[in-house]
Amino acid sequence: MARIFVLAAATFLMALSAATWAAETPPPAPPPAAYVPPIPPPPLVPPVAAECSVPTSGNHVPGCAYDGKADTYFLSARPPKTGDTFTLTLAEPAAIKRIEVRTGDADGKNVLGGAVLETSADGNEFGKVAAFASGAAKAALAAGKPVKVIRIRFTADAVGPAAVREFTIDAQPPVPVIKYPLEVRLDVSEVPDSKDWCEKAAKAVERWYPTFCDYLAGDGFTPSKVITITFKNDNKGIAATGGDNITCHMGWFKAHPDDIGAVVHESIHVIQAYHSRSNPGWLVEGIDDYLRWWIYESPPKRRLDPNRIKYTDSYQTTGAFLAWAVRTCDKDLVKKLNAACRKGEYKDELFKAFTGKDLDALFEEFKKSLAK
């Protein structure tokens, strides 16, 4: 018997692209008393977290210093001062044999001088393993020393910004590079009392970003390295996204503190990056809510009425339809639809090309599955 989807239906028909999307995330519905949600898959936890005590310049975010690419680098927005740090924290300790750090921007400027390279097994006690000279530091660790944290500590005030080009780490097991560097920048100036909650939401976005980037990957597509989230002290909706900028209305989140998924939903719009106005809004939001409710969270919890729903209902209704089609017709359907939307080549006939059934017939089958 097909699984019955339980979720709240939203009925918005949109024609704008996700790049300038201003639709509001529909409120979640309370679960039935007997509902037991399935366990969603775990996120692709980044193997390394990179951060710096000095603000970032532009898109040269800390993760660029360990992404395995020679043409990217971290660049600070101001000269580091004595005591500032650049830190790589490993998800799991690794037996590291050798560490090498190269610095300097694309023009060979902003190399590091007054700084040392340090390691720690627990993130508390640090020991020096090398000093920077001519913009580089190299360290050999005896017998593959277990390391949890690697950091650069500035021992003198720099005269200009710092550019950290790339870390090379020889370890067992190998430490994977940061595939999708991301920095979430928060503006909580209007809601300072909610800073802790906002930071929690930002951590959820950062944690799940690699999962969604992998799912929505495509040839030649590079996801954003910076997402700015502004929290407004008002009740003018839930959240909306334009480009790499997310605006959240704190009135909603104060009333619904468990709805971090609404912020995650908006971050998926950033990754979608559809620039064509021909993409139907119901599909844009349906793909987003499929990722939110069937990968990030448990599926929504209110029954769909097969006599009233349409695939153009968008959000959770369309997400449920896509989830059913992925399970019963084509496991890569959403990925294929995403690729078509990103290229501006979506048309309804693609459903038949991908599943062997036209869109209307496929949705009729979905509705019949809800009645079982």
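Over the ring of which residue does the charged end of R151 sit? In this predicted model, local features require pLDDT of at least 70 and side-chain atom pairs count only at pLDDT 80 or more, whereas totals for chains, interfaces and linings use all residues. Residues are numbered from 1 along each chain as its sequence is written, and side-chain values use heavy atoms, with hydrogens and water left out.

The charged end of R151 is placed over the ring of F126, 3.8 Å from the ring centre; the criterion is NZ of Lys or CZ of Arg within 6 Å of the ring centre and within 35 degrees of the ring normal. K335 is likewise positioned over the ring of Y215, at 4.9 Å from its centre.

Aromatic pairs number 17 in the structure, a pair being rings of Phe, Tyr and Trp (its six-membered ring) with centres within 6.5 Å, stacked if the planes are under 30 degrees apart, edge-to-face if over 60 and tilted otherwise. F321 and F351 are stacked, with 6.0 Å between centres and 20 degrees between planes. Because F321 belongs to helix 5 (residues 315-328) and F351 to helix 7 (residues 350-355), this pair ties together parts 30 residues apart in sequence. Helices (H or I, at least four residues) and strands (E, at least two) are DSSP runs numbered from the N terminus.

Strand 9 (residues 226-232) has 5 of its 7 residues buried.

Terms used
Buried < 20%, exposed > 50% of the residue type's maximum accessible area, 1.4 Å probe, protein only.
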